[in-house]
Amino acid sequence: MNPPRRFALLFGAQFLGFGAMLPFLPAILAEGGLTPEQVGTVLAAGAMVRLVAGPLSGRLADQVADMRRLLALACLLAATAAAGFGLLAGFALLLAVQLLHSAAAAPIIPLSDSQAAGAVRAGGFDYARVRAW
């Protein structure tokens, strides 16, 4: 499979996963027994973790030999953590799931973009067209 198609599939899978979960996350949290205030707290805590985890994961990516392994690990951890939203209930457990998921998910799109940018330099395909897919 050629690089543009691989990256189009990667971006499509990422946005499908995030797009399928994020609109329903407040309802999932409420179904897990959280009050509206707790739902807001959990969502805000996730946003704060992503603000910190993104740059930290970027620094880590600069130090690893194969960024693809870091990306694969982040995807695996985020998917595993996302399962916790459906399996667990209660404020403390769902907050822990959100913090883990947010930390794992934060680097996924930036690392994918970085990989795609490197492939564009090497192979000369149209990044915007691949990303828009």
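A nonpolar core is here a set of buried Ala, Val, Leu, Ile, Met, Phe, Trp, Tyr and Cys residues joined through side-chain atoms within 4.5 Å, where buried means under 20% relative accessible area, exposed over 50% and partly exposed in between, with a 1.4 Å probe and protein chains only. The views show a predicted model, in which local features need pLDDT of at least 70 and side-chain atom pairs count only at pLDDT 80 or more, while totals for chains, interfaces and linings use all residues. Residues are numbered from 1 along each chain as its sequence is written, and side-chain values use heavy atoms, with hydrogens and water left out.

**View 1. The largest nonpolar core has ten residues.** Its members are Phe18, Ala61, Leu70, Leu71, Ala74, Ala78, Ala104, Ala105, Ile108 and Leu111. At least two residues of this core come from each of helix H4 (67–87), helix H5 (91–105) and helix H6 (108–123), helices being DSSP runs of H or I with at least four residues, numbered from the N terminus. H4 gives the largest share, four residues. Apart from this core lies another one of nine residues, including Leu25, Leu34, Val39 and Val42. In soluble globular proteins, nonpolar side chains tend to be buried together.

**View 2. Ile108 and its surroundings.** Not counting residues up to four places away in sequence, Ile108 touches Gln14, Phe18, Leu71, Ala74, Cys75 and Ala78, contact meaning heavy atoms within 4.5 Å. Leu73, which is found in helix H4, is 35 residues from Ile108 in sequence and 9.4 Å from Ile108 in space, C-alpha to C-alpha. Leu73 is partly exposed, with a relative accessible area of 44%.

**View 3. The buried residues of helix H5.** H5 has 15 residues and spans 20 Å from its first C-alpha to its last, close to the 21 Å expected at 1.5 Å a residue, the expected span being 1.5 Å times one less than the number of residues. Leu94, Val97, Gln98, His101, Ser102, Ala104 and Ala105 are buried in H5. These residues cover an arc of only 165° around the axis, which puts them on the same side of H5; the arc is that of the directions from the helix axis to the C-beta atoms. The buried residues of H5 pack against H1, helix H2 (25–31), helix H3 (36–63), H4 and H6. One of the buried residues, His101, has a relative accessible area of 6% and, leaving aside neighbours within four places in sequence, is in contact with Phe18, Met21, Ala78, Ala81, Ala82 and Phe85.

**View 4. Ring pairs link Phe11, Phe15 and Tyr127 into a cluster.** Rings of Phe, Tyr and Trp (its six-membered ring) pair if their centres lie within 6.5 Å, and planes under 30 degrees apart count as stacked, over 60 as edge-to-face and the rest as tilted. The structure holds three aromatic pairs. The rings of Phe11 and Phe15 have their centres 6.5 Å apart and their planes at 20°, so this pair is stacked. Both residues lie in helix H1 (residues 3–21), four residues apart, about one turn of the helix. Phe11 is buried, at 1% relative accessible area, whereas Phe15 is partly exposed, at 35%. Phe11 also forms an edge-to-face pair with Tyr127, at 6.4 Å centre to centre and 85° between the planes. Because Phe11 lies in helix H1 and Tyr127 in helix H7 (residues 127–132), the pair ties together parts that are 116 residues apart in sequence.
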